[in-house]
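Please keep the sequence and the structure in view while reading.

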Amino acid sequence: MKWSIDPTHSQAEFSIRHMFTNVRGHMVVTSGTVEADDRDPLKAVIVARLDPATVNTGVLIRDNHLRSVDFFDVERYPEIVFRSTAISQTAKDTYAVIGMLSMRGVERPVTLQARAAGDGIDPFGNRRAGVSARTTLNRKDFGLHWNRALESGGLLVGDEVDINLEIEAVLDQDAAALLTASELAR
């Protein structure tokens, strides 16, 4: 079955150290798909796309710097893409989703710790499912090296970025029709 990620109900949040505290922000999840087998969720193939130009930390000057060549370089790299390569179950409703993350022209493996949040029918008759996922990555692994030394020692920006994803997907209508037909045949 094919599910489409609903950008209006999905979010990518991040947190990174700035001097002595963490700065939080988010990006828009623009699109994505989940090709799933109801009988075996470990066979799912997930693709998610984010728009780094939508980075928002609540401070326009900082957000513009994050969009610049010092960080995301959104003019040259207008998309961040995750493609799953393997899924394993780690506990009830909890999975390790391994995949390739492509950001700023660099593609590297990452593992998302994901928890299935359930599925059901919305008020408009659409079948929806939700997943929460998190990971930590080193920004330098993706070519985001910009930093400044502090007079007191240390660096202005940390290397580790905590990422939290809230993803809601809707079953494509063609797949929903096939599902209904197969349920009726039982």
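Which residues does Asp73 touch, not counting residues up to four places away in sequence?

## Asp73 and its surroundings

The model is predicted. In it, Asp73 touches Leu66, Arg67, Ser68 and Arg104, with residues up to four places away in sequence not counted. Asp73 is found in the loop between α1 (60–67) and β5 (80–91).

Asp73 has a relative accessible area of 5%. The cut-off for buried is under 20%, so Asp73 is buried.

One of its contacts, Arg104, sits in the turn of the hairpin formed by β6 and β7. That hairpin has two residues between its strands, and Arg104 has a positive phi of about 55 degrees.

Strand β6 covers residues 94–103, and seven of its ten residues are buried, so β6 is largely enclosed by the rest of the structure.

β6 pairs with β5 through nine bridges, and the two strands run antiparallel. Within this pairing, Phe82 has Leu101 of β6 as its bridge partner. The hairpin of β5 and β6 has two residues between the strands, and Asp93 takes a positive phi near 60 degrees there.

β6 is also joined to strand β7 (residues 106–121), by ten bridges and again in an antiparallel arrangement. Here Gly99 stands opposite Val110 in β7.

## The largest nonpolar core

In soluble globular proteins, nonpolar side chains tend to be buried together. The largest nonpolar core of this model has 42 residues. Those touching the most other members are Phe72, Ile80, Val97, Leu101, Met103, Phe142 and Leu165. Strand β9 (residues 157–171) supplies the largest share of this core, seven residues.

What does Ile80 touch, not counting residues up to four places away in sequence? Its contacts are Met27, Ala48, Arg49, Leu50, Pro52, Phe72, Leu101, Ser102 and Met103. Among them, Phe72, Leu101 and Met103 are also listed with Ile80 as core residues that touch the most other members.

## Trp3 in the β1 strand

Trp3 lies in strand β1 (residues 2–5). Is Trp3 buried or exposed? Its relative accessibility is 7%, so Trp3 counts as buried.

Leaving aside neighbours within four places in sequence, Trp3 is in contact with Gly32, Thr33, Val34 and Ala36, with Arg127, Arg128 and Ala129, and with Ala169, Val170, Leu171 and Asp172. Asp63, by contrast, is 32 Å from Trp3 in space, C-alpha to C-alpha, and 60 residues from it in sequence.

## The chain as a whole

The protein chain has two helices and nine strands. From the N terminus on, their order is β-β-β-β-α-β-β-β-β-β-α. The C-alpha atoms fill a box of roughly 70 × 30 × 25 Å along the principal axes.

Of the 186 residues, 39% count as buried. The accessible surface comes to about 10900 Å², with 54% of that belonging to carbon and sulfur atoms. Among contacts between residues at least 6 apart in sequence, 52% join residues at least 24 apart.

## Confidence

The chain averages a pLDDT of 91, and 93% of the residues score at least 70. Over residues 177–186, pLDDT stays under 50. For residues 177–186 the model has four contacts beyond four places in sequence.

How values were computed. Residues numbered from 1 in each chain as written. Predicted model: local features only at pLDDT ≥ 70, side-chain atom pairs only at ≥ 80, totals over all residues. Heavy atoms only, no water. Helix = DSSP H or I, 4+ residues; strand = E, 2+ residues; numbered from the N terminus. Buried < 20%, exposed > 50% of the residue type's maximum accessible area, 1.4 Å probe, protein only. Contact = heavy atoms within 4.5 Å. pLDDT = per-residue confidence, 0-100. Core = buried A, V, L, I, M, F, W, Y, C linked by side-chain atoms within 4.5 Å. Pairing = 2+ DSSP bridges. Areas by Shrake-Rupley, 256 points an atom, 1.4 Å probe, with all protein chains shown as cover.
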